Amino acid sequence: MTRHTIPALCLSLLLLAGLPPTLIGEEEEHLTRIYRPKHAQADVLAELVRLSGPLVRADPALGVVLVQGRPAQVSMVIETLAEVDTPQPDPPPDPAPPDVVLDLHLVGAFRSEADSFAAPKPVQETIDEIRDTFPFSSYQLLESLTVRTTPDGRIATVRGHIQSQDRVDYSVMLVLADERPTPEAIKLNLIKLELRRTDPALGVEMAQIETQLTAAHGKTLVVGKAGVRGIADGIFLLLAARLD
């Protein structure tokens, strides 16, 4: 065994035996001490206290920091290691995702002229686009409603009725995708409109629109078309999504 291997062997024996982590080096004015981190990683601590005086290096395998130099310098570094070896703060929690507000509009389409009321501008612009594809004689905004929901997988449901020649009950089910919505992409895993008309002679007549879609912030979309007698020749469901 050479004289150069003795300090390394002593260090290993001390680590295994759990003895006080101080070694006298080959020269009396130098010593080696071992610091066992309680919180931070050894290589991170070693980088923080690396100086031009004492030799500081990490031993990732043993999870310790080795400090070698003059006693006063080594003591100062060990004290510094203890000061900076503190618990790391927990990362701040992710902010809660914003609520999503969905504006829904039921628009009736008629083959004959019908009384018409001025619709809000975004809705009217969408009605004008529908007219280019479905040339009914007239269109009328039958119902508007607003639903507030969150992207947590829960079903948001709203119910109501439209009174025309006959009463037509409706229900709308909405499920947002389980992901953080953005102004560029508000994704709905489900949007379902059910229309129900009860006729004493003919029984129950039902129609529905069911789909999934991705909406841009504030843009009014045509979700689909359905028809129920006694109220209109066709009913379009329009939707606009926004963050709140």
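**View 1. The hairpin of strands E3 and E4 in the predicted model.** In this predicted model, strands E3 and E4 form a hairpin with 4 residues between them, and Gly63 in the turn has a positive phi of about 70°.

**View 2. The open sheet E7-E8-E9-E10.** Here 4 strands form an open sheet in the order E7-E8-E9-E10, and their pairing is antiparallel. Strand E7 (156-163) and strand E10 (203-215) stand at the edges with a single partner strand each, so one side of each is left without a neighbour in the sheet. From one strand to the next, the twist averages 15°. Strand E7 is joined to strand E8, which spans residues 167-176, by 8 bridges in the antiparallel sense, and Gly160 stands opposite Tyr170 in E8.

**View 3. Salt bridges of Lys192.** The side chain of Lys192 meets that of Glu194 in a salt bridge, at 3.3 Å from N to O, and Lys192 also forms a salt bridge with Glu210, in which the closest N and O atoms are 4.0 Å apart. Because Lys192 lies in strand E9 (residues 186-199) and Glu210 in strand E10, the latter pair ties together parts that are 18 residues apart in sequence. Lys192 counts as buried at 17% relative accessibility, since the limit for a buried residue is under 20%. Glu194 counts as partly exposed at 24% relative accessibility, and Glu210 is partly exposed as well, with a relative accessible area of 47%.

**View 4. The open sheet E6-E5-E12-E11.** This open sheet of 4 strands has the order E6-E5-E12-E11, with antiparallel pairing. Its edge strands are E6 (138-149) and E11 (220-226), each of which pairs on one side only. Neighbouring strands of the sheet are turned against each other by 20° on average, direction ignored. Strand E11 and strand E12 (residues 234-243) pair in the antiparallel sense over 6 bridges, and Leu221 stands opposite Leu239 in E12.

View 5. A search of the whole structure finds 9 salt bridges. One of them is formed by Arg148 with Asp244, the closest N and O atoms being 2.6 Å apart. This pair links distant parts of the chain, with Arg148 in strand E6 and Asp244 in the segment after E12, 96 residues apart. Asp244 counts as exposed, at 52% relative accessibility. Asp99 joins the view as well, for salt bridges link Asp99, Arg148 and Asp244 in a network.

View 6. Phe136 counts as buried at 14% relative accessibility, and Tyr139 is buried with a relative accessible area of 5%. Ring pairs link Phe134, Phe136, Tyr139 and Phe236 into a cluster.

**View 7. A nonpolar surface patch.** Val44, Leu48 and Val84 form a nonpolar patch on the surface, and together they have about 240 Å² of accessible area. Val84 has its place in helix H3, which covers residues 71-84, and is partly exposed, with a relative accessible area of 30%.

Key:
Residues are numbered from 1 along each chain as its sequence is written. This is a predicted model: local features need pLDDT of at least 70, side-chain atom pairs count only at pLDDT 80 or more; totals for chains, interfaces and linings use all residues. Side-chain values use heavy atoms; hydrogens and water are left out. Two strands pair if DSSP finds at least two bridges between them. Helices (H or I, at least four residues) and strands (E, at least two) are DSSP runs, numbered from the N terminus. Axes are lines fitted to C-alpha atoms, for helices over the stretch in contact, and angles run from 0 to 180 degrees between N-to-C directions. Buried means under 20% relative accessible area, exposed over 50%, partly exposed in between (1.4 Å probe, protein chains only). Rings of Phe, Tyr and Trp (its six-membered ring) pair if their centres lie within 6.5 Å; planes under 30 degrees apart count as stacked, over 60 as edge-to-face and the rest as tilted. Patches are made of residues with over 30% relative accessible area and no salt bridge: like charges are joined within 9 Å, nonpolar side chains (Val, Leu, Ile, Met, Phe, Trp, Tyr) within 5 Å. Accessible areas come from the Shrake-Rupley method with a 1.4 Å probe; for residues, only the protein chains shown count as cover.
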